[in-house]
Amino acid sequence: MTPRTGSRGPYARTARVRQEIIEAAMAVFAEAGYRATTMKEIARRVGLTDRAIVHHFPNKEELLLSVLAARESESEQLAPRSRGEALAGMLAIANDNMTRPGLVELHSTLSAEATSTEHPAHEHYTKRYMDFREYLAGAFAELKQHGELRFSLEPDELASMLIALWDGLQLQWLYDNDAVAVQKLLRGFLDMVAPAAVSQDVTS
């Protein structure tokens with residue numbers, strides 16, 4: 001009988017190759033956008049044949065969804081589970097984003113492209129924005145309950161404003177990294193709206 005430890009070799013290699021493909025796809029999608037990207041270009045980046053890459057990801061749509069899932073998993077690891085820490089935690093994610101411009105570009109490109117209902121990421125981004133608004137609205141609602149909101153807008157309205165500000169600042173940052181301090185401006189907004197929410201943050 002073949003030892004179980006030996007049988008893991010091919011599976012480990014497959015997982016490693018899949019991860020390399022996902023990372024290459026992230027870079028190519030960020031540079032060219034989803035529509036203009038070809039599986040051939042991604043295969044070239046990884047050093048695989050077209051046939052080999054299709055063995056792991058049968059089509060570009062499946063690869064895109066795997067890329068988005070990987071990115072969401074990274075963000076979830078940085079996001080606090082406690083609503084009381086949600087807004088300060090957002091600043092940590094913003095700070096991390098600034099170290100990876102390719103991923104910021106990927107988000108900015110895909111979130112715009114995916115407004116079309118025919119785009120394979122449309123459902124993903126629809127749910128992403130809905131869940132993100134709900135997550136932030138919960139944090140603002142908790143602050144409001146404790147009398148710590150300075151604005152009269154409702155929590156869900158503040159959530160929409162904050163997401164729009166973040167996306168807009170990141171887009172400007174892609175054009176001019178030196179002129180736009182994303183985390184500083186997000187912190188400034190939160191400090192105006194609910195200073196208690198970021199008073200313990202140490203990511204700056």
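Mentor: A salt bridge is a side-chain nitrogen of Lys or Arg within 4 Å of a carboxyl oxygen of Asp or Glu. Side chains of opposite charge can pair when their charged atoms come close. In this predicted model, local features need pLDDT of at least 70, side-chain atom pairs count only at pLDDT 80 or more, and totals for chains, interfaces and linings use all residues. Residues are numbered from 1 along each chain as its sequence is written, and side-chain values use heavy atoms, with hydrogens and water left out.

Trainee: What does pLDDT say about the protein chain?

Mentor: pLDDT is the predictor's confidence in each residue, from 0 to 100. The protein chain averages 85, and 87% of the residues score at least 70. Helices here are DSSP runs (H or I, at least four residues), numbered from the N terminus.

Trainee: How many salt bridges does a search of the whole structure find?

Mentor: The search finds eight. One of them joins glutamate 72 and arginine 128, with an N to O distance of 3.2 Å. That pair links distant parts of the chain, 56 residues apart: glutamate 72 is in helix 4 (residues 60–78) and arginine 128 in helix 7 (residues 122–145). For exposure, buried means under 20% relative accessible area, exposed over 50%, and partly exposed in between (1.4 Å probe, protein chains only). Glutamate 72 is partly exposed at 23%, and arginine 128 is partly exposed at 21%.

Trainee: Which residues are linked with Arg44 in a network of salt bridges?

Mentor: The network links Arg44 with Glu31, Glu41 and Arg45. Within it, arginine 44 and glutamate 41 have their closest N and O atoms 2.8 Å apart. An α-helix has 3.6 residues a turn, so residues three or four places apart point the same way. Arginine 44 and glutamate 41 are three residues apart in helix 2 (residues 39–46), and therefore separated by about one helical turn. Arginine 44 is exposed, with a relative accessible area of 55%, while glutamate 41 is partly exposed at 23%.

Trainee: Which residues of helix 2 are buried?

Mentor: Met39, Ile42 and Ala43 are buried. They cover an arc of only 100° around the axis, which puts them on the same side of helix 2; the arc is that of the directions from the helix axis to the C-beta atoms. Lys40 and Arg44, on the other side, are exposed. Glycine 47 follows helix 2 and has a positive phi, near 85°.

Trainee: Why is helix 5 described as largely enclosed by the rest of the structure?

Mentor: Nine of its 12 residues are buried, so helix 5 is largely enclosed. Among them are Leu87, Met90, Leu91 and Ile93. Helix 5 (residues 86–97) reaches 16 Å from its first C-alpha to its last, close to the 16 Å expected at 1.5 Å a residue; the expected span is 1.5 Å times one less than the number of residues.

Trainee: What is arginine 71 in contact with?

Mentor: Leaving aside neighbours within four places in sequence, arginine 71 is in contact with Met26, Asp96, Asn97, Arg100 and Leu103. Arginine 71 lies in helix 4 and counts as buried, at 14% relative accessibility. Aspartate 96 and arginine 100 meet in a salt bridge of 2.7 Å, N to O. Aspartate 96 is partly exposed at 22%, and arginine 100 is partly exposed at 28%.

Trainee: How many residues are in the largest nonpolar core?

Mentor: In soluble globular proteins, nonpolar side chains tend to be buried together. A nonpolar core is a set of buried Ala, Val, Leu, Ile, Met, Phe, Trp, Tyr and Cys residues joined through side-chain atoms within 4.5 Å. The largest one has 57 residues, and those with the most contacts inside it are Ile42, Leu63, Leu87, Phe140, Leu162 and Leu186. Helix 1 supplies the largest share, nine residues. Not counting residues up to four places away in sequence, phenylalanine 140 touches Leu87, Leu149, Pro155, Leu158, Ala159, Leu162, Leu190 and Val193.

Methods:
Helices (H or I, at least four residues) and strands (E, at least two) are DSSP runs, numbered from the N terminus. Contact means heavy atoms within 4.5 Å.
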